[in-house]
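Please keep the 3D view open as you read.

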Amino acid sequence: MTDLSVSYMGLRLKNPLIAGSSPLTATADHIEDLARNGIGAVVLKSIFEEQITGEAAMVGRYSDYYPEAHDYLHAYLGADYMNSFTTLISEAKRRTDIPIIASINCMSEGKWLEFAGRITDAGADALELNIFFLPESKNEASDKIEARYLSIIDKVARIVNLPVSVKFSVRFTNIFHMLQQAYTRGARGAVMYNRFFEPDIDIERMEYIPAGELSTQAELHKSLRYIAIASSEIPGLDISVSTGVHTGADVVKSILTGAKATQLCSTLMLNGSKVIGEITSSLSAWMERNRFQTIEEFRGLMNRTTRPGDPLLERVQYMKTFPAEVF
Ligand SMILES: Cc1cc2nc3c(=O)[nH]c(=O)nc-3n(C[C@H](O)[C@H](O)[C@H](O)COP(=O)(O)O)c2cc1C
């Protein structure tokens, strides 16, 4: 009999599957459905900093171009929206027995920080910060931008009486330095990585259009090396893997590299909540085949500490991968 339970940022999860922030975690009904189908924890759909501050400029900006957006934005901004967010937290806590992780998408140390305390009062078990600054100017050096991230993390970790995790993007020159700096400022967890809304181009109409909203399994490859190194470099930081986790095998790979948990989004949207049971069954079956009774027994067995100098872990250029005669 396998025990799938894990500890993530001090929270006890019955298995390492967390529903990542998405529309599927935006209502109590959806969250109850995820819990009924066996999810270990849920990260709520992010509340955006602008929604907390009810930023008038944003309403103005969009309303000029899209008059119908005015009413919509008002409904999703300010006090009413904050109340619905805290109600969602308490409702999710009342209707399930799983950890509920609130999520804030933020870009400054502004007024929204006052709201963080209300998240704790509403019963959230942890807070995930989704921070990203799109560099737009050649005049701002990366160390200045990184300092803005760290300053937010520092403030939030001090104000909020909850474990705080940071959802990072892949776009750092040295992610391990950022992880270490976040950790020393009080972050207990790191989500690697966020997957952004990206633009594509319709070349006939010469217009920007949304690129694919959902991930594929292949995208997990981009993270495995970095998790294997991060879990060796900063062992005290709890990593949860986001982007490209679709199957039980993907969960096994994430844990072998040292992650504590995995976040599911695209697979839940594509396959529905029943996929949770399929993933936990496949994870248990793999553990039984390999004679592991607990997750901790194989966590990190393929990270850089346990596989030092493994050429396939550390090599990034293709030099000798393909023999010359193939081409
Ligand atoms: C429709 C949609 C909405 C999302 N909304 C949020 C959000 O509000 N906050 C956030 O941190 N991530 C958000 N995400 C990103 C997911 O939480 C997740 O990081 C990403 O989809 C990669 O995981 P996956 O490969 O399992 O899909 C969203 C993703 C999708 C597809």
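What percentage of the residues in the protein chain is buried? Of its 327 residues, 41% are buried, a residue being buried if 20 or more other C-beta atoms, placed from the backbone, lie within 10 Å of its own, exposed if 12 or fewer, and partly exposed in between.

A word on the model before going on. This is a predicted model, in which local features need pLDDT of at least 70 and side-chain atom pairs count only at pLDDT 80 or more, while totals for chains, interfaces and linings use all residues. Residues are numbered from 1 along each chain as its sequence is written.

**Overall fold**

The protein chain has 13 helices and 13 strands; these are DSSP runs numbered from the N terminus, with helices being H or I of at least four residues and strands E of at least two. Of the contacts between residues at least 6 apart in sequence, 72% join residues at least 24 apart. Two residues are in contact if their C-beta atoms, placed from the backbone, lie within 7 Å.

**Around the ligand**

The ligand is surrounded by 22 residues, and G20, S46, S215, C265 and S266 are the closest. A residue belongs here if its C-beta atom, placed from the backbone, lies within 6 Å of the molecule. This shell has 13 polar, five nonpolar and four charged residues. In these classes, Ala, Val, Leu, Ile, Met, Phe, Trp, Tyr, Cys and Pro are nonpolar, Asp, Glu, Lys and Arg are charged, and the others, Gly among them, are polar.

**Two helix pairs**

Axes are lines fitted to C-alpha atoms, for helices over the stretch in contact, and angles run from 0 to 180 degrees between N-to-C directions.

| Helix pair | Axes come within | Crossing angle |
|---|---|---|
| α10 (248–256) and α12 (274–289) | 8 Å | roughly 55° |
| α8 (175–184) and α9 (221–233) | 10 Å | roughly 40° |

α8 and α9 are therefore oblique to each other: angles under 35 degrees count as roughly parallel, over 145 as roughly antiparallel, 65 to 115 as roughly perpendicular and the rest as oblique. Their contact is made by I175, F176, L179 and Q180 of α8 with Y226, I229, A230 and E233 of α9. By class, that contact has six nonpolar, one polar and one charged residues.

**A loop residue**

E140 sits in the loop between β7 (126–131) and α7 (142–159). Because E140 has 12 C-beta neighbours inside 10 Å, this residue counts as exposed. Leaving aside residues up to four places away in sequence, E140 touches P135 and I145.
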